[in-house]
Amino acid sequence: MTILIDADGCPVVDLTVQTAARYKVPVLILCDTAYQIQRDGAQTLTFDKGADSVDFALVNRVHPGDLVITQDYGLASMCLARRARILNQNGLEYTPENIDGLLFRRHENKKLLLAGKYPKGASKRTKEQDITYRNALERILQTV
């Protein structure tokens, strides 16, 4: 298993790298030139800015059994098709059973935006979210 992080705007890069090190699981950070995230204990690949450039680079590198960290439902769906496991920054594991509903909700929110209605944005990240995420990550890594 390798952990691949869609690092553009990802709040759990450090937590993921620290946790993966304890389990001796390699980490690959993928980001664009706007972020350029470097962490000890992880390899970083940087790509040109552009619509979905990091997403496509990640999908091309993911293998069955890898773990992908992303909050992007579209990327999660593509990685599920490659038989990877996918976890979001709040500890939710994307699965074939829940991805369609999540994609539908994204579609509905996009329609609201186009109609000029703005759904409530995300609130500030809490320690509880970090704990929930770390627990979910560790549950997955313990099965490796």
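Predicted model: local features only at pLDDT ≥ 70, side-chain atom pairs only at ≥ 80, totals over all residues.
Colleague: What makes D130 count as partly exposed?

Modeller: The relative accessibility of D130 is 27%, and since buried means under 20% and exposed over 50%, with partly exposed in between, D130 is therefore called partly exposed. Not counting residues up to four places away in sequence, D130 touches V12, L15 and R125. D130 also lies 7.1 Å from N90, C-alpha to C-alpha, although 40 residues separate the two in sequence.

Colleague: How do you know whether E138 is buried or exposed?

Modeller: E138, which lies in helix 5 (residues 127-141), has a relative accessible area of 16%; the cut-off for buried is under 20%, so E138 is buried. Leaving aside neighbours within four places in sequence, the residues in contact with E138 are T19, R22 and Y23.

Colleague: Why is helix 2 called roughly parallel to helix 3?

Modeller: Helix 2 (residues 53-61) and helix 3 (residues 73-81) pack at an angle of about 15 degrees, and their axes are 10 Å apart. Because angles under 35 degrees count as roughly parallel, that angle makes helix 2 roughly parallel to helix 3. The crossing of helix 2 past helix 3 is right-handed.

Colleague: Which residues of helix 2 are buried, and what covers them?

Modeller: In helix 2, V54, D55, A57, L58 and V59 are buried, and what covers the buried residues of this helix includes strand 1 (3-6), strand 2 (27-32), strand 3 (43-47), strand 4 (67-69) and helix 3.

Colleague: What makes Y73 and Y94 an aromatic pair, and is that pair stacked or edge-to-face?

Modeller: The count comes to 1 aromatic pair, and in the pair formed by Y73 and Y94 the rings are 5.7 Å apart, centre to centre, with 85 degrees between the planes. Ring centres within 6.5 Å make a pair, and planes over 60 degrees apart count as edge-to-face, so Y73 and Y94 form an edge-to-face pair.

Colleague: Why can this pair be said to tie together separate parts of the sequence?

Modeller: Y73 lies in helix 3 and Y94 in strand 6 (residues 93-94), so the pair ties together parts that are 21 residues apart in sequence. Both Y73 and Y94 are buried.

How values were computed:
Residues numbered from 1 in each chain as written. Heavy atoms only, no water. Helix = DSSP H or I, 4+ residues; strand = E, 2+ residues; numbered from the N terminus. Buried < 20%, exposed > 50% of the residue type's maximum accessible area, 1.4 Å probe, protein only. Contact = heavy atoms within 4.5 Å. Axes fitted to C-alpha atoms, helices over the stretch in contact; angles between N-to-C directions. Parallel < 35°, antiparallel > 145°, perpendicular 65-115°, else oblique. Left-handed = near helix turned anticlockwise from the far one by under 90°. Phe/Tyr/Trp six-rings, centres within 6.5 Å; stacked < 30°, edge-to-face > 60°.
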